Amino acid sequence: LPDTLPELPIIELPHDEDEDLLPHTYAHVKTVPLNIYRHPMEAAMGLPPVRTMLSGDWWVSVDGLVEYEGQQWYQINEEEYVHADALAFASPSRFQGAYFTEQPQHPFAWINRWVQPSVVPQGELNIAVGGLGRYRLVTIFAEERRGEEIWYLVGPDQWVEQENVSRVDVDPPPPEIGPGEKWIEVDLFEQTIAAYEGERMVYATLISSGRTGTSTPPGLYRLWSKVREGKMGNPDVEDGSPAWYFIEDVPWTMYFHEGYSIHAAFWHDAFGFTRSHGCVNLSPRDAQWFFNWADPITPEDLRVAYVGGSTPNTWVWVHFSPPFD
């Protein structure tokens, strides 16, 4: 293997590291039950709250900070205030996938956990090179199976075991998809997603899909709705159940099957591993890219777009394809 290997045909999408990743400032409710008041003055007067967040997992949008009688309160909606000590602000992931200027000629992968490459599969560690950190993008030049393990060659004398990466292959479109149509491939085993225009891959990144028990359903679907910002909750339980969750103003959501969607997740940085209640989680930058790219294109001032049968649309192919078959 030569010392110099071809690189992936990717370009860095422009962004400012100091830019706001999200349309709102979000916070987790760390103290429940939590009373919500029309104004801090009503709490000081002993008046009843307008509502109470009971047990469960709550995320809110923070609209502003006020002080009243030496205490700090956050406004979370119109005429809704909570005590500042009850909230913990989100630290959204700054991870972003890859945009391709031409078709990748090799499989590639993101390192999903730090790993020191080996000189040969199952061999001694290659201490002459640095370790590969999480979210590092690598090209896969060869693979070998050793017993129940698969090893990938990602550089000269640099082999990593399959469980340390999330791999992406350029796949042909399912037969139902017409020439040049936009489609999205969601690989539940690898925890990756790719955007295609016909046979050409234009973008790929990591996801977090549903955990065991709340898994994301495989199948071939079409987008039926795009929501620029919307609220999400668990329809199977009520507020007061430990399984209840409610998230305000989730940005860049694309529904593809019943209540299952592709959307931004600002509350974790676990991309490359299952995490969700069934939806396909993306980092904020990735979610915004997919939302802006997918048909139908939606104007910025349109909050919700329902996709009709005659409207240009985007396919979503969700599948589980382990490399061990």
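# Close-up views of a predicted model

**Glu258 lies in the loop that joins β22 and β23.** Strands (E, at least two residues) and helices (H or I, at least four residues) are DSSP runs, numbered from the N terminus. The structure is a predicted model, in which local features need pLDDT of at least 70 and side-chain atom pairs count only at pLDDT 80 or more, while totals for chains, interfaces and linings use all residues. Residues are numbered from 1 along each chain as its sequence is written, and side-chain values use heavy atoms, with hydrogens and water left out. Phi of Glu258 is near 50 degrees, a positive value in a residue other than glycine. Glu258 counts as exposed because its relative accessibility is 57%; the classes, computed with a 1.4 Å probe on protein chains only, are buried (under 20% relative accessible area), exposed (over 50%) and partly exposed (in between).

With a relative accessible area of 16%, Asp249 is buried. Most residues other than glycine have a negative phi, and most peptide bonds are trans.

**The largest pocket has a volume of about 600 Å³.** On a 1 Å grid over the protein atoms alone, a pocket is an open set of points where a 1.4 Å probe fits, with protein on both sides within 12 Å along at least five of seven lines; lining residues have an atom within 4 Å of a point. Points are joined across faces, edges and corners, and the volume is the space filled by probe spheres set on them. Of the 25 lining residues, Gly233, Tyr245, His277, Gly278 and Cys279 are closest to the centre. At least two lining residues come from each of β5 (57–62), β21 (225–233), β22 (245–257) and β23 (260–264). The lining has nine nonpolar, 10 polar and six charged residues, where Ala, Val, Leu, Ile, Met, Phe, Trp, Tyr, Cys and Pro count as nonpolar, Asp, Glu, Lys and Arg as charged, and the others, Gly among them, as polar.

**The largest nonpolar core has 37 residues.** Such a core is a set of buried Ala, Val, Leu, Ile, Met, Phe, Trp, Tyr and Cys residues joined through side-chain atoms within 4.5 Å. Ile184, Val186, Ile262 and Phe290 have the most contacts inside it, and β22 gives the most to this core, with seven residues. Another core, of 18 residues, lies apart from it and includes Ala194, Ala204, Phe271 and Trp315.

**The structure holds 24 aromatic pairs.** Rings of Phe, Tyr and Trp (its six-membered ring) pair if their centres lie within 6.5 Å; planes under 30 degrees apart count as stacked, over 60 as edge-to-face and the rest as tilted. Trp183 and Tyr196 are stacked, because their ring centres are 4.0 Å apart and their planes at 10 degrees. Trp183 is in β17 (residues 182–187) and Tyr196 in β18 (residues 192–197); both are buried. With centres 5.4 Å apart and planes at 40 degrees, the rings of Trp224 and Tyr255 form a tilted pair. Ring pairs also link Phe95, Phe100, Phe108, Trp110 and Tyr135 into a cluster.
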